[in-house]
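Student: I have a structure open on my screen and I would like to learn how to read it. Could we go through it together?

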Amino acid sequence: MQESDTYLAILDEGQEKAIREAILVVGEERLGAADAAVRSQLSYVTDLDHLKRMIRRSAKAASWQEILETP
(Lines give C-alpha, C1' and ligand atoms only; values in the text may rest on other atoms or scores of the structure.)
Protein backbone atom coordinates (compact mmCIF):
# COMPACT_ATOMS: atom_id res chain seq x y z
CA MET A 1 0.00 0.00 0.00
CA GLN A 2 2.81 2.43 0.77
CA GLU A 3 3.92 2.29 -2.86
CA SER A 4 0.58 3.12 -4.44
CA ASP A 5 0.32 6.39 -6.35
CA THR A 6 -2.86 7.29 -4.52
CA TYR A 7 -1.27 6.79 -1.11
CA LEU A 8 1.77 8.87 -2.07
CA ALA A 9 -0.44 11.64 -3.48
CA ILE A 10 -2.41 11.75 -0.22
CA LEU A 11 0.82 12.04 1.76
CA ASP A 12 2.06 14.87 -0.46
CA GLU A 13 -1.25 16.68 -0.12
CA GLY A 14 -1.03 16.40 3.66
CA GLN A 15 2.50 17.76 3.66
CA GLU A 16 1.48 20.67 1.43
CA LYS A 17 -1.36 21.57 3.77
CA ALA A 18 0.84 21.35 6.87
CA ILE A 19 3.57 23.52 5.35
CA ARG A 20 1.04 26.11 4.14
CA GLU A 21 -0.38 26.30 7.66
CA ALA A 22 3.13 26.69 9.08
CA ILE A 23 3.83 29.53 6.64
CA LEU A 24 0.65 31.25 7.81
CA VAL A 25 1.50 30.77 11.49
CA VAL A 26 5.04 32.13 11.14
CA GLY A 27 3.99 34.88 8.77
CA GLU A 28 1.12 36.01 10.96
CA GLU A 29 3.42 36.13 13.98
CA ARG A 30 5.80 38.43 12.09
CA LEU A 31 3.52 40.31 9.71
CA GLY A 32 -0.03 40.15 11.01
CA ALA A 33 -3.01 38.33 9.60
CA ALA A 34 -2.87 37.13 6.01
CA ASP A 35 -5.66 38.51 3.86
CA ALA A 36 -7.78 36.45 1.46
CA ALA A 37 -5.52 37.28 -1.50
CA VAL A 38 -2.43 35.95 0.30
CA ARG A 39 -4.26 32.78 1.33
CA SER A 40 -5.51 32.30 -2.20
CA GLN A 41 -2.07 32.70 -3.76
CA LEU A 42 -0.56 30.36 -1.20
CA SER A 43 -3.16 27.70 -1.96
CA TYR A 44 -1.93 27.49 -5.57
CA VAL A 45 1.62 26.53 -4.57
CA THR A 46 1.82 22.74 -4.72
CA ASP A 47 5.56 22.09 -5.06
CA LEU A 48 6.87 20.84 -1.70
CA ASP A 49 10.38 22.22 -2.24
CA HIS A 50 8.95 25.63 -3.09
CA LEU A 51 6.75 25.57 0.01
CA LYS A 52 9.77 24.66 2.16
CA ARG A 53 11.70 27.63 0.75
CA MET A 54 8.70 29.83 1.50
CA ILE A 55 8.57 28.76 5.14
CA ARG A 56 12.28 29.51 5.53
CA ARG A 57 11.74 32.95 4.02
CA SER A 58 8.70 33.60 6.21
CA ALA A 59 10.96 33.58 9.28
CA LYS A 60 12.79 36.68 7.99
CA ALA A 61 10.42 38.31 5.48
CA ALA A 62 9.38 41.94 5.77
CA SER A 63 6.09 41.43 3.91
CA TRP A 64 3.66 38.79 2.73
CA GLN A 65 4.59 39.70 -0.83
CA GLU A 66 8.21 38.79 -0.12
CA ILE A 67 7.10 35.35 1.03
CA LEU A 68 4.87 34.87 -2.00
CA GLU A 69 7.69 35.89 -4.35
CA THR A 70 10.01 33.18 -3.05
CA PRO A 71 11.69 31.57 -6.05
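Predicted model: local features only at pLDDT ≥ 70, side-chain atom pairs only at ≥ 80, totals over all residues.

Student: Where does Glu 16 sit? And is Glu 16 buried or exposed?

Tutor: Glu 16 belongs to helix 1. To decide on burial, we look at the relative accessible area, and under 20% means buried. Glu 16 has a value of 13%, so this residue is buried.

Student: How do I read the way two helices pack, say helix 1 and helix 3?

Tutor: Look at the distance between the axes and at the angle. Helix 1 covers residues 5-31 and helix 3 covers residues 48-58; their axes come within 9 Å and cross at roughly 15 degrees. Angles under 35 degrees count as roughly parallel, so helix 1 is roughly parallel to helix 3. The crossing of this pair is left-handed.

Student: Which residues of helix 1 and helix 3 meet?

Tutor: On the helix 1 side they are Asp 12, Gln 15, Glu 16, Ile 19, Arg 20, Ala 22, Ile 23, Val 26 and Arg 30, and on the helix 3 side Leu 48, Leu 51, Lys 52, Met 54, Ile 55 and Ser 58. Sorted by class, this contact has eight nonpolar, two polar and five charged residues.

Student: At what angle do helix 1 and helix 2 pack?

Tutor: Their angle is about 150 degrees, and the axes are 11 Å apart. Arg 20, Ile 23, Leu 24 and Glu 28 of helix 1 make the contact with Arg 39, Leu 42 and Ser 43 of helix 2. By class, that contact has three nonpolar, one polar and three charged residues. The crossing of helix 1 and helix 2 is right-handed.

Student: What about the inside? Which residues touch the most other members of the largest nonpolar core?

Tutor: A core is read by asking who belongs and who touches whom. The largest nonpolar core has 14 residues, and Ile 23, Leu 42, Leu 51, Met 54, Trp 64 and Ile 67 touch the most other members. Helix 1, helix 2, helix 3 and helix 4 each supply at least two residues of this core. Take Ile 67: apart from neighbours within four places in sequence, this residue is in contact with Ile 23, Leu 31, Met 54, Arg 57, Ser 58 and Ala 61. Over the whole protein, buried residues make up 28% of the 71 residues.

Student: And where is Thr 70?

Tutor: Thr 70 lies in the segment after helix 4. With 6% relative accessibility, Thr 70 counts as buried. Although Thr 70 and His 50 are 20 residues apart in sequence, their C-alpha atoms are 7.6 Å apart in space. Beyond the neighbours within four places, Thr 70 is in contact with His 50, Arg 53, Met 54 and Arg 57.

Student: How do I read contacts over the whole protein?

Tutor: Look at sequence separation. Among contacts with a separation of 6 or more, 59% join residues 24 or more positions apart.

Methods. Residues numbered from 1 in each chain as written. Heavy atoms only, no water. Axes fitted to C-alpha atoms, helices over the stretch in contact; angles between N-to-C directions. Helix = DSSP H or I, 4+ residues; strand = E, 2+ residues; numbered from the N terminus. Parallel < 35°, antiparallel > 145°, perpendicular 65-115°, else oblique. Left-handed = near helix turned anticlockwise from the far one by under 90°. Contact = heavy atoms within 4.5 Å. Nonpolar A, V, L, I, M, F, W, Y, C, P; charged D, E, K, R; others polar. Core = buried A, V, L, I, M, F, W, Y, C linked by side-chain atoms within 4.5 Å. Buried < 20%, exposed > 50% of the residue type's maximum accessible area, 1.4 Å probe, protein only.
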